[in-house]
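Colleague: I have some time this afternoon; shall we go through this one together?
Modeller: Gladly! Bring up the chain and ask away.

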Amino acid sequence: MYDTEFLDLPPLASAAGEVRLPGSKSISNRVLLLAALSRGQTTVHDLLASDDTAVMLTALRQLGCTVMQNGDTAVIGGLGGQLIERKATLFMGNAGTAMRPLTAALALLGGEFELSGVPRMHERPIGDLVDALRQLGCVIDYLGDEGFPPLRLRPGVLKLDHAIRVRGDVSSQFLTALLMALPLVARKAICIEVIGELISRPYIEITLNLLNRFGIQVEREGWQRFTIPAGSVYQSPGEIHVEADASSASYFIALGAIATSANGQNGLKILGVGADSIQGDIKFVEAACLMGARIDSTANSLHVSRGAWPLKSVDMDCNHMPDAAMTLAVMALYAEGTTVLRNIASWRVKETDRIAAMACELRKLGAIVEEGDDYLKISPPKQIGDWNPASIHTYDDHRIAMCFSLAAFNPAKLPVRILDPKCVAKTFPDYFETLFSVTEAQDAQIPVICVDGPTASGKGTLAALTAHHLGYHYLDSGALYRLSAFAALRAGLSLDDGDAVAQIARSLPVRFKGDRIFLTNGDSEEDVSEAIRTEVAGMAASQVSAHPQVRSALLDLQRSFRQLPGLVADGRDMGTVVFPDAPLKIYLTASALHRAERRHKQLISKGIAITIAAIQQDLEARDQRDMSRKAAPLKPAENAWLLDNSDLSIEESLDLVMDWWQGTRPF
């Protein structure tokens, strides 16, 4: 997951490959609660790992549920409809799929509980659910604004003789919460009457389907009346598999419809969800086909490729797939004419006011947008020149971050900045990594920051911090020379034999992970980080780097690290030879004395006794060798920014680099 302030997406060109989606949030949290309420033990497979499911699991543990996790499998020890802990303070984050059903279940089971969340959760209405529960005799107090969390629940005297009435036109989660909670007290048949039009009906279908899996057969009269049979008791199914998230599939369905194919492959294959899905958002397949996508579906997979281009605009009632419909709004940027998304009033009470948010961010890109109480009309930029580079505000809303990533395919080839990319952790923590695994960009469009400089200037530390700050890949080119010398010596070769060392360098099986460096051999890896960071290894690297054939052998390997979303590379010729087109080049230096003092501290901490004067003499000798060699001598690139960090902290140096980098961006 990208835990950065922002993530810059370069212009993307094509897509192909295979995507395995995470489990559905809606199904995951329903299954977890149902398993907790049931008799027996339930093994949940393919569980979504996300902020929302973490919130639910934490709450279940607080309530006395046993939870054992191993990867994407969780074993839940059911409470059999009885609470072990009858008093707790529960934090629900911004997880509506946890807040609403837990409120209903705990209110009916009795006990004293306080439920709260993040500030946005305290702006999401819950009054209709509370009103329905109060009809049953539940005692619920608002601890803040009337009609909104946080809540306090206290024991009451239940009244189950009359039908419970609940509004259906604000959120389907209110009805879902009642359907999941009422079997706990169904000593007699209990009826729920829905007032007004029930929105997001496919989510109720998910609830009814899962209730059936746990032994509850709800009787339904249309969408207005639901009856929980007398004597209903939750019973664990033993094992249950969570479907992949159909809402998350929408981004890759749209990707396949928008992007040209790559590497001789035809489109994208999406695994884990297909024609047999119980999720309403699978209807996004039909919508994407109407806009021009080509989609072949099996029971558990989708194959998507570009069909009609430009895409076709649509005028559509999206009440049945409110989450996935957001992706249609971004697809509209690539369609001819005006796309109209109707009956989406529920967007107003989601993680943010999604109608207002989508309208604002689409306009940033250059779209013409009309916003209504329950609709959006979107016309794409009229010409390529009307597209704008945009910094997308995500409102702590995972779906806004994910759907706007598709704007990186804009025909103007402009980058897109996603603010707070870690918000995708709510449902799809590895979304951007998955996106980059199946998309490609032209090399020249993938940004590179080069940090060159002499030995002990601190370029490795600065480059690694810059890469971390931006979420970019990091290339320690010096490590490649150290590795080449290390591997050559291990093979018994002379470091003076440039051809032999070059042959070794050409096929280095290297992998960087954070500050660790690995050599791979089949299925095994060797961590050589410490072995190649000695003074002897540094001198050996300087020796082999003087061979033109070694530098040539490593050139392609170094350039292969230029991968989405970007690269920070440090060395001695990154800006002059390896990445001459890099948009930002830095030549980092410090006086020989300052560098010697820094190196002295490092060596002393390792127990190596040496004088500062000796280190300075060695550094000056290395500088002379590096600057006078025939192959790529050490020198600043013509357009490099010079950064003397003799008197700067690493934080001050990083701030300068980030300021310079922002100056190269169009945002």
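**Rings, a proline and a helix pair**

Modeller: Trp-641 is partly exposed, with a relative accessible area of 42%. Keep in mind that this is a predicted model.

Colleague: Trp-641 and Trp-660 form an aromatic pair, so of which kind is the pair?
Modeller: The centres are 4.7 Å apart and the planes make an angle of 20°. Planes under 30 degrees apart count as stacked. The pair of Trp-641 and Trp-660 is therefore stacked.

Colleague: And how many residues apart in sequence are the parts that this pair of Trp-641 and Trp-660 ties together?
Modeller: Trp-641 belongs to strand β35 (residues 641–644), while Trp-660 sits in helix α21 (residues 650–664). The pair therefore joins parts whose separation in sequence is 19 residues.

Colleague: How many aromatic pairs are there in the whole structure?
Modeller: Some of the rings are linked into a cluster, with Tyr-251, Phe-252 and Phe-428 among them. A search of the whole structure gives 12 aromatic pairs.

Colleague: Of which kind is the pair of Tyr-2 and Phe-436?
Modeller: Both Tyr-2 and Phe-436 are buried. Their ring centres are 6.0 Å apart and the planes stand at 90°, so this pair is edge-to-face.

Colleague: How many residues apart in sequence are the parts tied together by Tyr-2 and Phe-436?
Modeller: Tyr-2 lies in the segment before β1 (6–9), and Phe-436 is in helix α12 (residues 431–438). The parts that the pair ties together are therefore 434 residues apart in sequence.

Colleague: Now to Pro-10: is Pro-10 buried or exposed?
Modeller: Pro-10 is in the loop between β1 and β2 (14–15). Pro-10 touches residues including Ala-408, Ile-446 and Leu-564. Its relative accessibility is 4%, so Pro-10 counts as buried.

Colleague: Last one: are helices α16 and α20 roughly parallel or roughly antiparallel?
Modeller: The axes of α16 (residues 535–544) and α20 (residues 612–628) come within 11 Å and cross at roughly 25°. The contact involves Glu-535, Gly-538, Met-539 and Ser-542 of α16, with Arg-622, Arg-625 and Asp-626 of α20. Angles under 35 degrees count as roughly parallel. Helices α16 and α20 are therefore roughly parallel.

Methods. Residues are numbered from 1 along each chain as its sequence is written. This is a predicted model: local features need pLDDT of at least 70, side-chain atom pairs count only at pLDDT 80 or more; totals for chains, interfaces and linings use all residues. Side-chain values use heavy atoms; hydrogens and water are left out. Axes are lines fitted to C-alpha atoms, for helices over the stretch in contact, and angles run from 0 to 180 degrees between N-to-C directions. Helices (H or I, at least four residues) and strands (E, at least two) are DSSP runs, numbered from the N terminus. Angles under 35 degrees count as roughly parallel, over 145 as roughly antiparallel, 65 to 115 as roughly perpendicular and the rest as oblique. Contact means heavy atoms within 4.5 Å. Rings of Phe, Tyr and Trp (its six-membered ring) pair if their centres lie within 6.5 Å; planes under 30 degrees apart count as stacked, over 60 as edge-to-face and the rest as tilted. Buried means under 20% relative accessible area, exposed over 50%, partly exposed in between (1.4 Å probe, protein chains only). Lists of a residue's contacts leave out its neighbours within four places in sequence.
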